[in-house]
Amino acid sequence: LVELKRAVRSLRRKFTKDPIMIMGDWNMRRQKLEAKLATWSTPMTVVQVKGDPTTFTRGRNRDIDHMVICRPHAGMVARLRVKHWDLADHWPLSAK
């Protein structure tokens with residue numbers, strides 16, 4: 001996450017008013033990710049999933065895939081859901 005943190009900081013310097021969104025497998029639950037993001041100089045937050053947040057189904061079901069967005073633009077995402085497709089061990093996120 002160190003390199004990603006640097007990349008986000010660099011993007012924020014270049015694009016001061018534009019939203020920054022990152023989606024994918026963070027390999028940690030929402031609460032742990034929120035704690036990590038709280039240490040970043042760029043204010044980022046995890047978008048709340050509507051419905052069941054489980055995205056990883058191998059073994060114990062867990063929520064380890066997330067969308068992260070810069071806090072001032074968090075309202076841009078009206079709905080984030082998990083698509084329950086049986087194509088892989090992770091279920092994809094869908095945002096509107």
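Trainee: What should I know before I start clicking around?

Mentor: It's a predicted model, so local features need pLDDT of at least 70 and side-chain atom pairs count only at pLDDT 80 or more, while totals for chains, interfaces and linings use all residues. Residues are numbered from 1 along each chain as its sequence is written, and side-chain values use heavy atoms, with hydrogens and water left out.

Trainee: OK. How many helices and strands are there in the protein?

Mentor: Two helices and five strands, running α-β-α-β-β-β-β along the sequence. Helices (H or I, at least four residues) and strands (E, at least two) are DSSP runs, numbered from the N terminus.

Trainee: And what's the radius of gyration?

Mentor: It is 14 Å, close to the 12 Å that the globule rule gives for 96 residues, so the protein is as compact as a globular protein of that length. That radius is taken over C-alpha atoms, and the rule is 2.2 Å times the number of residues to the power 0.38. The C-alpha trace spans about 40 × 25 × 20 Å along its principal axes.

Trainee: What share of the residues is buried?

Mentor: Buried residues are 33% of the 96. Buried means under 20% relative accessible area, exposed over 50%, partly exposed in between (1.4 Å probe, protein chains only).

Trainee: Which residues make up the largest nonpolar core?

Mentor: Twelve of them: Val-8, Ile-20, Ile-22, Trp-26, Met-28, Leu-33, Leu-37, Trp-40, Met-44, Val-46, Val-68 and Cys-70. Helix H2 (30-37), strand S2 (44-46) and S3 each give two or more residues to this core. Another core, of nine residues, lies apart from it, with Val-47, Met-67, Ile-69 and Val-77 among them. A nonpolar core here is a set of buried Ala, Val, Leu, Ile, Met, Phe, Trp, Tyr and Cys residues joined through side-chain atoms within 4.5 Å.

Trainee: Let's zoom in on Met-44. What does it touch?

Mentor: Leaving out residues up to four places away in sequence, Met-44 touches Val-8, Ile-20, Ile-22, Leu-37, Val-68, Ile-69, Cys-70 and Arg-71. Contact means heavy atoms within 4.5 Å. Met-44 is in strand S2 and is buried, with a relative accessible area of 0%.

Trainee: Glu-34, then. Which residue does it form a salt bridge with?

Mentor: Arg-30, with the closest N and O atoms 3.5 Å apart. Glu-34 is partly exposed, with a relative accessible area of 22%. The rule for a salt bridge is a side-chain nitrogen of Lys or Arg within 4 Å of a carboxyl oxygen of Asp or Glu.

Trainee: How many salt bridges does that rule give?

Mentor: Three. Another is Arg-6 with Glu-3, closest N and O atoms 2.6 Å apart; these are three residues apart in helix H1 (residues 2-14), again about one helical turn. Then Asp-63 pairs with Arg-29 at 3.4 Å. That pair links distant parts of the chain, 34 residues apart: Asp-63 is in the loop between S2 and S3, and Arg-29 is in the loop between strand S1 (21-25) and H2.

Trainee: How accessible are those two?

Mentor: Asp-63 is buried, with a relative accessible area of 12%, whereas Arg-29 is partly exposed at 38%.

Trainee: What polar contacts does the Asp-65 side chain make?

Mentor: One is with the side chain of Thr-55, at 2.6 Å, and another joins Asp-65 to the side chain of His-90 at 2.8 Å. Asp-65 itself sits in strand S3 (residues 65-70).

Methods: Polar contact = N/O pair within 3.5 Å; in protein donor to acceptor, adjacent residues only side chain to side chain.
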